[in-house]
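Here is a short report for a reader new to this model. It looks at the ligand site, then at the salt bridges.

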Amino acid sequence: MSAPPVVSGRTAVITGAGSGIGRALAQRLAAHGCPVALCDWNEEELRETAETIGGPVLTRKLDVRDRQGQMTFAAEVREWSPGPIGLVVNNAGVTTSQTVADASPEDDEWCFDVNFWGVVHGTRAWLPVMQEQGHGVIANVSSVFGLIGFPTQSAYCASKFAVRGFTESLRHELRGTDVRAVAIHPGGIRTNIVANARFHVDDQGGTDHAKMNEDFKKLARTTPAKAAETIHTGIEKGKSRIMIGPDAVALSLLTRVAPVRYYGVIDKLSGLVR
Ligand SMILES: NC(=O)c1ccc[n+]([C@@H]2O[C@H](COP(=O)([O-])OP(=O)(O)OC[C@H]3O[C@@H](n4cnc5c(N)ncnc54)[C@H](O)[C@@H]3O)[C@@H](O)[C@H]2O)c1
């Protein structure tokens, strides 16, 4: 007999649900019977997501950097939820594209604060709830850039390595319990992440944000819907680390085969597609 689903049918909480992976995940989980509690700092896009959801949905405007705001959101969701919380996905994220030498410190801090502290505050708001229930999954969105460094992505890579370290540490703390911590590492997913970036320069030295976004959309082969499917099925299968897309799987392998020299390979291969 197969194990009962840990996510489908139970309440799911998703941050950054106004766009991209968060929106697709909200739609998929709602279609699998989950009441969904969604937040984003972009109220209008969040409303657009909610309009596409058939079942029970709660939306709140929330900046994930707001520690107290995350606690208040968790309390509101608990009150609203018809049953236990099955899954929390700390998904909201941003990037900035700039070199270390010429970086705007404000943009680096914005990127790190949203991506890392947003995940930490979300985890701390929900961990006691999961522990009280005795079960549940906290899934934190890192990236393939939580496995490799990449030119012009120093703050983003640092934040995503940090999410990975934080989540894996939590996973080990939770060993032997039914509360799980899962790290998610998407490869290129066709979303608004680059369009929404604080852009200064790309990895080829270009300063055209629109062009960088076009190049990204060509390279990012995985759709948000496919990413949502991979996350959902990966969690149901009990995975602790979820790679999304063939590029993520290949890069993960490459870091093990060439842990220091991986960028030479990436540069050569991307030269072939440029
Ligand atoms: N798209 C990719 O190729 C890719 C690859 C690896 C990792 N990721 C990660 O996936 C996650 C989702 O990104 P996406 O690609 O769907 O991008 P996206 O820009 O389409 O969606 C991100 C959402 O997060 C929201 N958000 C940003 N800052 C916020 C804040 N401070 N508080 C609340 N909400 C906030 C945005 O308004 C947006 O709705 C991010 O953590 C991103 O780093 C994306």
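## Contacts with the ligand

A polar backbone atom of Val64 lies 3.0 Å from a nitrogen atom of the ligand. A polar contact is a pair of N or O atoms within 3.5 Å; within protein, one must be able to donate a hydrogen and the other to accept it, and residues adjacent in sequence count only if both atoms are side-chain atoms. Asn192 brings a backbone N or O atom to 3.2 Å from an oxygen atom of the ligand. Asn196 uses its side chain: a polar atom there is 3.1 Å from an oxygen atom of the ligand. The ligand taken alone exposes 820 Å², and the protein buries 97% of that. Accessible areas come from the Shrake-Rupley method with a 1.4 Å probe; for residues, only the protein chains shown count as cover.

## How the model is read

This is a predicted model: local features need pLDDT of at least 70, side-chain atom pairs count only at pLDDT 80 or more, and totals for chains, interfaces and linings use all residues. Residues are numbered from 1 along each chain as its sequence is written, and side-chain values use heavy atoms, with hydrogens and water left out.

## The shell around the ligand

## Salt bridges

The count comes to ten salt bridges. The rule asks for a side-chain nitrogen of Lys or Arg within 4 Å of a carboxyl oxygen of Asp or Glu. Asp107 and Arg198 form one of them, at 3.0 Å from N to O. Asp107 lies in helix α4 (residues 105–133) and Arg198 in strand β8 (residues 198–199), so the pair ties together parts that are 91 residues apart in sequence. Helices (H or I, at least four residues) and strands (E, at least two) are DSSP runs, numbered from the N terminus. Asp107 is buried at 10% relative accessible area, while Arg198 is partly exposed at 33%. Buried means under 20%, exposed over 50%, and partly exposed in between (1.4 Å probe, protein chains only).

Glu51 and Arg47 also pair, at 3.1 Å. Both lie in helix α2 (residues 43–51), four residues apart. Glu51 is exposed at 57%.
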